[in-house]
Amino acid sequence: VKSEDVHTSRSSLRAAFDLHYGALLRLCLALGEPRGDAEDIVQEAFVRVASSIDRVEPAALRSYLRRTVMNIRHDRRSRLAKVGFLGGRNVSDHVDGVGERDAMWTALGRLPARQRACLVLRYYEDLPEREVAELLGCSVGTVKSQSYRGLARLREEVER
Amino acid sequence: MKLEDRLRAAIDTHVEDVAADEAAWARITGQLARSAHAPGHGGRRRLVAAVVAFALFGAAAGLLWRSFAGERRPVADHPDQTVIPTPSSPLTSRALRSVGQVPRHSLAVLGTSDGSLLVASFTGRQLLLVDPSDARVLAQRDLGGAGTIGAEETSGVLWVLQGGDTPRLIRLDPTTLAITGMRSFTSVADGLAAGGGHLWMGAEGSLTELDPITGATTRTVSLGGNVELLAGDPSSGRLYVTLDGPVRHNSSPLLEVDATNGAVLAHTRAGQADLAGVSHLAATPDGVWVAEATGMMGILSFYTAEGLHASKALPEGRDGLGLVYGTNAIAGSYVGGHLFVANPGGDATCRNPRTGKRLGRVSPVNPSTDPRFVGVAGRPMIVMGSTLYVVDVGIAC
């Protein structure tokens with residue numbers, strides 16, 4: 001492999017890191033991951049895409065990285081669920097301290113993981129329903145219904 | 001306000017103030033260097049061999065451990081990470097005074113010759129010129145493009161380098177941010193530095209000298225490797241450059257270059273190439289501070305000008321010896337005659353720029369806000385998250 005290729009890839013990765021790392025980390029945190037886990041997930045995503053980064057269109061890179069992040073997160077959650085650790089890492093536990101200062105944030109943390117993910121991806125990441133469905137591995141209809149239920153529960157909680 | 005908007009606002013408020021920081025980059029590059037995913041260093045065979053070797057080693061170590069130690073002790077998660085609570089309000093410190101708000105997670109900050117502060121936004125596409133006394137915006141310019149990766153001022157001209165596939169060098173008026181010129185490059189550009197009134201840009205395999213008034217290429221110096229980091233000291237006219245190769249003895253080349261003619265004055269090796277290598281350079285009149293991420297901790301070492309000799313050990317306990325230890329990556333900034341070190345472990349100190357001796361503490365810092373020191377009219381300031389602070393040197397140093 002030519003050194004120019006190595007340099008280009010490294011530069012591309014660095015540029016992608018500068019542009020997208022913070023946003024991906026905020027996405028993971030919004031999805032309820034503890035800070036350390038969120039960092040691990042996003043950093044692993046950059047390691048995974050490093051070898052192929054020059055083959056990805058710059059305009060599609062954010063989407064590619066987001067998909068990688070969601071896959072890694074899904075894999076990790078699956079592994080944790082298998083060994084029974086996920087129950088102790090409920091997202092609502094994670095956000096309770098912060099949530100005292102904001103009913104909406106607390107309510108978001110109390111939502112089931114799928115509903116929370118739908119709302120975060122749909123309204124925080126501003127993704128179309130089709131893309132949210134692809135990322136979560138469900139139908140567009142499920143995204144619609146989960147988002148609807150999620151919003152309804154948020155409304156109930158914050159207006160209680 | 002609609003519920004969806006309230007939801008966005010709640011997430012924005014509560015998601016931690018995070019940015020692309022050098023510690024995270026160091027972990028990524030360190031992991032890449034150790035794995036077969038590394039761009040250009042990959043190879044399925046090497047990966048398989050590494051996995052098999054690791055598995056065999058792990059099995060053998062496990063058997064030995066169980067034989068001799070009995071019950072395994074629990075191991076803390078991520079022992080190299082120090083968890084620092086994110087402050088919800090501006091930090092308070094005797095040595096710091098909050099000035100106001102600037103765009104958070106700026107990609108570049110620069111003190112201009114007329115005493116203003118230039119701030120590039122998080123995406124690097126927007127530039128702001130702010131008054132350092134109250135953070136009032138004096139001028140603003142949307143540049144578009146791939147984002148700012150460097151900014152320098154020479155001869156009353158402000159230069160901004162944008163990265164991406166086709167890097168752009170943009171010439172601006174330093175008082176109004178009006179664009180007065182622009183040129184594009186077809187190859188990768190890495191860093192912009194000024195030294196002795198000369199302007200240099202890092203490029204693939206070379207350093208390019210640019211006319212400080214017109215931006216035209218006036219000289220190209222081949223270096224035998226691609227520029228990774230570039231820093232210049234205006235007073236001494238020295239540039240310091242790290243290259244991505246050739247890597248020998250597990251370290252990367254560090255060069256001292258005369259900014260007036262591009263002559264390489266000295267070269268040595270620094271950083272641990274199989275980990276993250278050199279992560280940051282801070283040029284001073286007497287030499288350069290080199291930050292290395294070692295995977296478990298960051299080390300800041302001093303190399304003298306005129307020879308790049310590594311500094312001798314100084315007796316100050318673990319925090320002396322010419323080294324500054326921190327958690328993973330660490331960064332030093334030379335501002336107003338002092339060396340400021342922001343440790344991602346959550347501490348910022350003021351140090352003697354020749355010896356590294358600690359003179360005082362600036363503040364506890366929030367590492368997730370990527371604290372950046374910058375000199376404005378000779379006065380040290382620090383940008384943390386979206387807050388601009390002025391440092392009281394009398395207290396901090």
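Biologist: How many bridges join strand β8 of chain B to β9(B)?
Modeller: Five bridges link β8 (residues 168-172) of chain B with β9(B), and the two strands run antiparallel. Strands here are DSSP runs of E with at least two residues, helices are runs of H or I with at least four, and both are numbered from the N terminus. Strands count as paired if DSSP finds at least two bridges between them.

Biologist: Before we go on, what are we looking at?
Modeller: This is a predicted model, where local features need pLDDT of at least 70 and side-chain atom pairs count only at pLDDT 80 or more, while totals for chains, interfaces and linings use all residues. Residues are numbered from 1 along each chain as its sequence is written, chains are lettered from A and ligands numbered from 1 in the order in which they are written, and side-chain values use heavy atoms, leaving out hydrogens and water.

Biologist: OK, back to β9(B). Which residue there stands opposite B:I170?
Modeller: That's B:M182.

Biologist: And what is the strand order in the open sheet of chain B?
Modeller: The order is β6-β7-β8-β9, four strands with antiparallel pairing. At the edges sit β6 (148-154) and β9 (179-184) of chain B, each pairing on one side only. On average, neighbouring strands of this sheet are turned by 20° against each other, direction ignored. For that angle, axes are lines fitted to C-alpha atoms (for helices, over the stretch in contact), and angles run from 0 to 180 degrees between N-to-C directions.

Biologist: Switching to charges: how many salt bridges are there over all chains?
Modeller: The structure has 19. The rule is a side-chain nitrogen of Lys or Arg within 4 Å of a carboxyl oxygen of Asp or Glu.

Biologist: Where does A:E44 sit relative to A:R48?
Modeller: They are four residues apart in helix α2 (residues 35-49) of chain A, which means about one helical turn separates them.

Biologist: What about A:D126, which residue does its side chain meet in a salt bridge?
Modeller: B:R8, at 3.5 Å, N to O. A:D126 lies in the loop between α6 (113-124) and α7 (129-136) of chain A, and B:R8 lies in helix α1 (residues 3-14) of chain B, so this pair joins two chains. A:D126 is exposed at 51% relative accessibility, whereas B:R8 is partly exposed at 24%.

Biologist: Which residues do salt bridges with shared partners join into one network?
Modeller: A:R62, A:R66, A:E125 and A:E131.

Biologist: Now cysteines. Which pair is joined by a disulfide?
Modeller: B:C350 and B:C397, with an S to S distance of 2.0 Å. Taking a disulfide as a pair of cysteine sulfur atoms within 2.5 Å, the count over all chains is one.

Biologist: Why is it right-handed?
Modeller: Because the torsion about the S-S bond of B:C350 and B:C397 is about 105°.

Biologist: And what does the pair tie together?
Modeller: B:C350 is in strand β24 (residues 347-351) of chain B and B:C397 is in the segment after α4 (393-396) of chain B, so parts 47 residues apart in sequence are tied together. B:C350 is buried at 0% relative accessible area, while B:C397 is partly exposed at 25%.

Notes:
Buried means under 20% relative accessible area, exposed over 50%, partly exposed in between (1.4 Å probe, protein chains only).
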